[in-house]
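This briefing concerns the model shown below.

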Amino acid sequence: MRRLLLGLVGLLGFGVLLDLAPRLGLVSERYLPPAGRILAALVEQADRTAFWNAVRDTLITWGLGLGIACAAGIVVGVVIGAVPVLREMTASTIEFLRPIPSVALIPLVTILYGPTTITSTLVLVVYASFWQVLIQVLHGVADVDPVARDTARAYRLDTWARVRYLVWPTALPYVATGIRLATSVALILAVTGEMILGSPGLGNSIGVAQASNAVPQMYALVLVVGLLGVTANLLTRAGERWALAWHPSVRNEVPA
Amino acid sequence: MRRHLAVLMAAVALLGPTACGNSNEPAAPGQPDNVTVGVIPILDVAPIYLGKQKGFFSKRNINLELAPAQGGAAIVPAVVRRQYQFGFSNVVSLLIAQSNGAPVKVVCNGNNSTGVDGQDFAALMVKGDSPITSPAQLAGKKVAANTLKNIVEPVVRASVRKAGGDPKTVEFVELAFPLQPAALQAGQVDAVFVVEPFQQAVLAQGGRKIASSYVDAAPNLTVATYFTSQETLTGRPDLVRRFTEAMKESLAYADTHPDEAREIIGTYTQIGADVRAKMTLPKWPADVNRQAVQALADAALGDGLLTKPADVDALLP
């Protein structure tokens, strides 16, 4: 409770600072309007259908990209992680592909799918967030307790049962971390793609506001993207607590 | 697990059609043709938005979709690859594309300067307290251009030349329009070449116009046009004809109804009503000004923007 209160006070303080800086002439009002004007612009945006369409488009690109990346990352991760030969064969390729910044693929996706299409941005989102999930899943699968593994073998569990009762519970905390990382990365890439490629969404609206010299509106939209990020983080954390309720890291009532 | 699989399949199924959605084939008889036009969300394209709203395209059996790209650079390649059937681009970009062998063909005029010195939708501007009063003084000075090696360079040079200065020594600095007012104010550049609504922004911070470069470049300069690819032109001549007709009607309507044009600009940009009321609109004649395009092509060749002459007659309709 105290933490929440202090957090709110901090947020309010930041808002006041943001409001005062331009009013006191520390920065030009033309380039950073006072927070009050930004909030007014936000209220005004909420009246525009175009704004809600943009929010919807960003959520679709983000959610779809994240969904595909998580599903693919988990399946590929469990398969590769479970087969040692596969793991050794793909390790170097993964380490080569993973560091490629997704934005470097912008020229490629523009040629393949055209600018302003949602597919182009989706490819960027999936590419960036897939590795986050995959790497975590690989670590998770490798973390299986050898004694537990031997026990499973001794009980002659079949492949499906081993994945379900041995690999999956071990990997789950890693998967949760991977999904949480991927969630923020996916939002970054969704907005970047929209800004640079012009696919529909909040990123595109920020670009349009900038090209219209509508400075308070631009900051208002940036604020909305930030709020989306915060909400997503809260949701993934809540999901994590729910899925890992049995795990020692979440069951803090049990002394470690 | 089965449910999880179903979600994955649904995601893949959703992704599928968007990846290969294409409208390069004629629609079934009686059905409208789906047409995507690559535009930039600026005031220049108000006629096409207005024409869509007024039904000039739908009455010609065209289901028009406008794809606002961030910056025009991506539009020419997307039209050539037929991801868009038509596009909006400034004349110099098209001249460069054409002289490099890209199969582009102008189908209709886009927008022109007002032709009135001092009252155009674009201006060469300096800071309020700048000692520069004439473009001739820009020799050896820094001028911001939104894109280098494009339309800004020849037209600004035209202003400098006309005022009796040395156009060769002007130094161009690449800076996006939204950044130019601040850069001018901070003294990072000596002059900027801005279009609306940034002309109003520079005026609001006390800046001065020293030339209307589009006007100096050629009388009633055609700044931008709508174009298509040779493939679309030869493959679907009827569609190109209907699009051109609808576009000409839209241009004529916008040119005679400036208030409606100002109104519609507010729907696809975020330009506030106060600025929309003040800003200078371009002219929207239905036909391309051939002589002006030729003059621009000659200037671009002289300035080294074009490495070989562009074939203006082949580019224009």
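In this predicted model, chain B contains an open sheet of 5 strands with mixed pairing, arranged in the order β2-β1-β3-β10-β4. At its edges stand β2 (62-68) and β4 (104-112) of chain B; each has a single partner strand, so one side of each is left without a neighbour in the sheet. From one strand to the next, the twist averages 25°.

**Strand pairing in chain B**

- Strand β1 (residues 33-39) of chain B pairs with strand β3 (residues 86-90) of chain B in the parallel sense, and the pairing runs over 2 bridges.
- B:Val37 has B:Phe86, in β3(B), as its bridge partner.

**Helices lying across the sheet**

- Helix α4 (residues 91-99) of chain B lies across β3, β4 and β10 (222-229) of chain B. The angle at which helix α4 of chain B runs to β10(B) is about 45°.
- Helix α10 (residues 237-256) of chain B lies across β1, β2, β3, β4 and β10 of chain B. Relative to β4(B), helix α10 of chain B runs at about 5°.

**Make-up of chain A**

- Chain A has 10 helices and 0 strands, and its pattern along the sequence reads α-α-α-α-α-α-α-α-α-α.
- The C-alpha trace of chain A spans about 70 × 55 × 30 Å along its principal axes.
- Of the 256 residues in chain A, 38% are buried.
- Among contacts in chain A with a separation of 6 or more, 72% are between residues 24 or more positions apart.

**Contact between chains A and B**

- The contact between the two chains involves 26 residues of chain A and 26 residues of chain B.
- On the side of chain A that touches chain B, the elements giving two or more residues are α3 (49-82), α5 (106-113), α6 (118-142), α8 (159-197) and α9 (202-211) of chain A.
- The element that gives the most to this side of chain A is α9(A), with 5 residues.
- By residue class, the side of chain A that touches chain B comprises 14 nonpolar, 11 polar and 1 charged.
- As a general point, the size of an interface is often given as the accessible area lost when the parts come together.

How values were computed. Residues are numbered from 1 along each chain as its sequence is written. Chains are lettered from A and ligands numbered from 1 in the order in which they are written. This is a predicted model: local features need pLDDT of at least 70, side-chain atom pairs count only at pLDDT 80 or more; totals for chains, interfaces and linings use all residues. Helices (H or I, at least four residues) and strands (E, at least two) are DSSP runs, numbered from the N terminus. A residue is buried if 20 or more other C-beta atoms lie within 10 Å of its own, exposed if 12 or fewer, and partly exposed in between; C-beta atoms are placed from the backbone. Two residues are in contact if their C-beta atoms, placed from the backbone, lie within 7 Å. Ala, Val, Leu, Ile, Met, Phe, Trp, Tyr, Cys and Pro count as nonpolar, Asp, Glu, Lys and Arg as charged, and the others, Gly among them, as polar. Two strands pair if DSSP finds at least two bridges between them. Axes are lines fitted to C-alpha atoms, for helices over the stretch in contact, and angles run from 0 to 180 degrees between N-to-C directions.
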